[in-house]
Each structure stands twice: as structure tokens, then as C-alpha cells.
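Here is a short briefing on one protein chain.

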Amino acid sequence: MDAGARTFRIDETLIDPPAINPPPTRDALFVFLIALAALLHGATAGWGDLYSETDSQYAGAAREMIESHQYLVPTNDGVPRLQKPPLLYWLIIASYKIFGVSPAAARLPIAAAIVTTVALTFLIGERLRQYWHGFFAGLIYLSSCGTFLLGRIIMPEAVFGAFIAGGIFCAICGYQRRQRRRLWFGGLWACAALACLTKSILGLVDLAVVLLLLAIFFREARIRFRAALHWSYWLLFLLIVAPWFIWTHRNFPGLFHRLVHQEWFTHVFGGDDDVPRLQFIALHFIWWFPWLIAIIPGVVFAWRRVMRPREMDFADALPLCWMGTIFLPLLLVGRRQDYYSMSMWSAFALWAATIWDRMPRGLRIVGASVVGLCGLLIAAGGLISSRFVDGEGHWGGIETRFSAWNVLHEIPVSTWQTMWPIACITVISLVVFAALGAYFSATDRGKLAAIMIATAMIPAGLSMIDGVARMAPYFSLADAARFLNQRLSDKGEVIYEGALHQGSSLVFYLNRKFFVVNRPMNDDSFVGSQSSNVFLDEEAVLEKWAAPEEAFLIIDQGRVGYWQKLLTDRFHIYHQVTTCGTYVILSNQL
């Protein structure tokens, strides 16, 4: 008699995960996590103008590539920008083609990368343990402070991190499944190639080192990952990566070697703009807030229980190998920027979910309570900082060597006062939901406690995004570009004083090319035959100032005295048109 039951093969029952359909709870958690990620990052993509430097360097270059119909050479103001491979530019171009040129469209590829990383973090956690672990890992990644802030900046790291997570997921599936193992390992190599086409050869190196460490520690990994070294995968990798690099080398002789050598040299030996080690560590306490704070009691006071060093399995070792491969080289040697670690934030989320699950009830209470205490400290810090307001309505009395403060301390107090409601929402959210997290920890409901801590970060994260959007006039030339777009004639010219990358928001918002004067010596823009007419000296600016055609000069407020003297000595006339943030616009027309 045929009962209609399916017979499972030995490899399906012993090597694969359980051969049963996932419960509805699993699907509901996965859909909820993806929807929440899309809401937090996709729906807020249009908030605020693009900042100068990284944001506008990529968004502006993609816009110029569309206008020039040159899709292989990114440019800023016509200057080739070949510091990174072009995949992120291509993704932004695709977004522009679909949604039109706008700040929201420029940010959508980054938002999509964050949503993809959240999904992959869930799937990796599910493969390593079970779907609840994947859910909490994805929730930790999504609700961390750094994901709200750095995950909004248009730069390769978010996309690079998504491909690294995709490669790890494919490697795990190939490790666990004999069926379609060649297909999964092909996906691993494709992700490595796309990561290299996003940032650098580190896309291959990072994945290779993670898998090598796992192969060293686990015999099964050595056996199963050996199949990933087949020559056909190398061919697939080269077919994806090589064409653009070969084309670049042929069209810019010597540039490819110089950029690769510079990338590797600074990665291994560091550079002048490295973040100091203590600052690098301190920033990660911010980027991984509140979860690093929440799990520290367990790591410090119950480390044998939460780490289980004598019985560490593959699921425990993978996040640690992943974190160590990326974080330790950044900390100890090489070029050190805090956002470079974004490609291992999924690993931190997986590790933190494991630590929280294994923490004793008392230490969970302590962790949740410390998160609430941080909220109170933020409130106290806001009150104390108000004492540093000077008589002119600016922040004063604090000296720092970090350039960001040079802008922040020039922001009027009236602007900061608009941030108080945002700060209050953040504080109330952290205190209230952390208290609920402590209560659920005390009643031994660890899952609800973790959800409460994550919930605390949703209003706080949205407040941070809104705060960054409100500060845009002081870190962007968008308002200046809009002002000039309405007043420039066909023959009018715009001149910007400073480094091209610091005025890159003009590339995105200004409807024409502009000139750059007094470019710093350390400006890394590639100056070649296509770009030599972009950069001017002061004498050339004065010649344009004397011409009958209108000319506008954008300078920092700190340079007003210098240019006022220079122009009045030559022309006896100084005309300041308007002020936009920390910049002043001058004109040769009365």
C-alpha cells in the first residue's frame, strides 16, 4: 500500500539541514526583518541633501557619467576619479535611470545593500544554528548605531560588506550541502569578484583568509572547501574582474599600477590620515551601540560560559574568524578608518546574538540597565555642553584637532536648539525600552528583552538620520548650488576655493562645471590632460574677475578677510552675495 510518503537519501538527512518545511514563524520573522530594514533605510533615502566628500563624489560622478555617456571612467568636475573600481557608480547610474537623478536615487543602492546584508545575516545565522538566532543577528545588525549613520553614506563599504556576507553564506551552504556544492562555490567566487569590483582585491583576500582559518581549525572544512579551488572558479573570477582593469591599464598607462601600489602600500603600512588606535576602538563602541554595551557584562564576567573555548564548534568559530580577519589588521597594521570594518559587522551581530543567548539572567539585567544608563548620560552630556555656548551664539571653549569640529563649532546655537526634541526622543526611547529589557531579563524572557533593546534604537536611529539631514547645510554646498543655478547665465562661471573632494557636492547639485582655486598639495585628484584646465591659481581668478562675464567665488568664512583685501586692492570693490552654511559666495557683478 502506497502511503504517499517521500523517502530521503542519506546525504539529505545527515549532511543537509533538516529536510522539513520551515515553520510559519520563521517566514514571518524573515519578512518582518526585511520590511523593517526597507522602511528604515529605503523610506528615509530622500532625507536631507548629500554631503560633500564621499556622498557627492560617488553621486556626482554617476551623474557626470550619464551626461557624458562615458560609463567606464568616473569623473568629478571632469577630473577622472579612479581610486576605486566602478561597480558602485554603475549601481547608482542604474538607480538614476529608474528613479531619476536625486539624492534619494543616489542613496538607494546603499539602502539596498543594507537590506541585503540584513537578509544574509539572518540566513547565515539560520544556517549556523536556527532561525531565531538568525533573526536576532539580523536585528542586532539593523539596530546598531553605525548601521543608521555609516549605512547611510554613499561609499563602497556597504555594498562591499553585502558581497562579503553573500560569499560567506555561499561558503556555508557549500560546506553543509553536497548537492549543488559546485553551484554554491561558484556563488562564493562570484561574490568575491563583485566585491573586488566594488572596492579592491581585498574582496578575495578577506574571504580566502576566513575560509583558510576555518580549514585550519576544522578537518571537515579542509575537506569540503578544497572543492572551491577548482580552476573553473578562478576563470569565473577573472571573467568578472579583469575586463575593467585591463581597459583602465590600456587607457591610463601607469595609473593602474600606481593606484594598486598605493592601495596596497597604505593598507599594509598605513597613511597620514589614519584614525588613531584608541579613537578607532572608541568609535566602535559608538557604531556597535547598544549591543556591545549590552553584552560586555557577559563577556567580562561569564566569558567561559558565553565563549565556550573548550567546545567551540564551526558555528562559534566562523564569526570570530570573520571578525579577526578584518578587524585585527585594521587595528594593528595598515590603513585605519573606522568605516573599513563595516564588512565584518554581520559577524559581530552573529557573535553578539550568541553571547546574549548564553548570558546568565543577572548579567542580561545588567547589560540592559547599562544601555538605559547610557541614555541618561546622553541627556546629562547635552545639558553640560550648553555651558560651552559663547556670547555670539556659537559653541566655544573646546579645542580639538579633528577637522569635523572646525565645522561643528561654527554652527549657530539656534540650529543646535532644533536638535533638542530629537535628543529627547533618543533619551526617552533608550531609557524606557532598556527598562523593559531589564524587566523581561529579570523574568527570564531573553528574546523579548533583546527585542526591547532593538526597539529602543528605532526611534533613536530615525532621530539620528533626521539630525544628520538637518546638519546638511553645514557639510554640503547644495544650497549654494541651488542659489547659483537660478542666477547663472550661459557664460557665467563658478570658482570654488579648496580641495575638489571638499566641494564635491557642487558636482552633484551645480548644473555646470566649475573651477577650483588653491587646491591643497595633498589633494589626490588625478590631474591629466583632461583636467588641467579645471584648476586655477589666484592670478587666473583675478583675470576672470576683471572680465565682463559674471563670476562667482565660493570661499570658506575663514577666508573672507584674505579675499576681501585681495579684491579691494585690485578692484576697489568687494561684493558678498550670500552665505550658505559655513561658506560665502562672492560676485564680480554689482
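In this predicted model, six strands form an open sheet with mixed pairing. Their order is β5-β4-β3-β6-β8-β7. The two edge strands are β5 (535–536) and β7 (576–580). Each has a single partner strand, so one side of each is left without a neighbour in the sheet.

**Pairing in the sheet**

- Strands of a sheet pair through backbone hydrogen bonds, and the pairing is either parallel or antiparallel.
- Next, β4 runs parallel to β3, and three bridges join them.
- Y496 has bridge partners in two strands: V516 in β4 and I554 in β6.
- Strand β3 (residues 493–497) is mostly covered, as four of its five residues are buried.

**Nonpolar cores**

- The largest nonpolar core holds 164 residues.
- Within this core, L214, W322 and F348 touch the most other members.
- Helix α8 (residues 156–176) gives the core its largest share, with 14 residues.
- Another core lies apart from the largest one.
- This other core has 16 residues, including F515, A540, L553 and V584.
- Which residues does F348 contact, leaving aside its neighbours within four places in sequence? They are I140, W288, W291, L292, I295 and M323.

**A patch on the surface**

- L212, I216 and F217 form a nonpolar patch on the surface.
- Together they have about 340 Å² of accessible area.
- F217 sits in helix α10 (residues 202–217).
- Is F217 buried or exposed? F217 is exposed, because its relative accessible area is 57% and the cut-off for exposed is over 50%.

**The chain as a whole**

- The chain has 590 residues, and 52% of them are buried.
- Its secondary structure comes to 27 helices and eight strands.
- Take the contacts with a separation of 6 or more: 75% of them are between residues 24 or more positions apart.
- The accessible surface comes to about 27,100 Å².
- Carbon and sulfur atoms account for 63% of that surface.

Note on methods:
Residues numbered from 1 in each chain as written. Predicted model: local features only at pLDDT ≥ 70, side-chain atom pairs only at ≥ 80, totals over all residues. Heavy atoms only, no water. Buried < 20%, exposed > 50% of the residue type's maximum accessible area, 1.4 Å probe, protein only. Contact = heavy atoms within 4.5 Å. Areas by Shrake-Rupley, 256 points an atom, 1.4 Å probe, with all protein chains shown as cover. Core = buried A, V, L, I, M, F, W, Y, C linked by side-chain atoms within 4.5 Å. Patch = residues over 30% accessible without salt bridge, like charges linked within 9 Å, V, L, I, M, F, W, Y side chains within 5 Å. Salt bridge = Lys/Arg side-chain N within 4 Å of Asp/Glu carboxyl O. Pairing = 2+ DSSP bridges.
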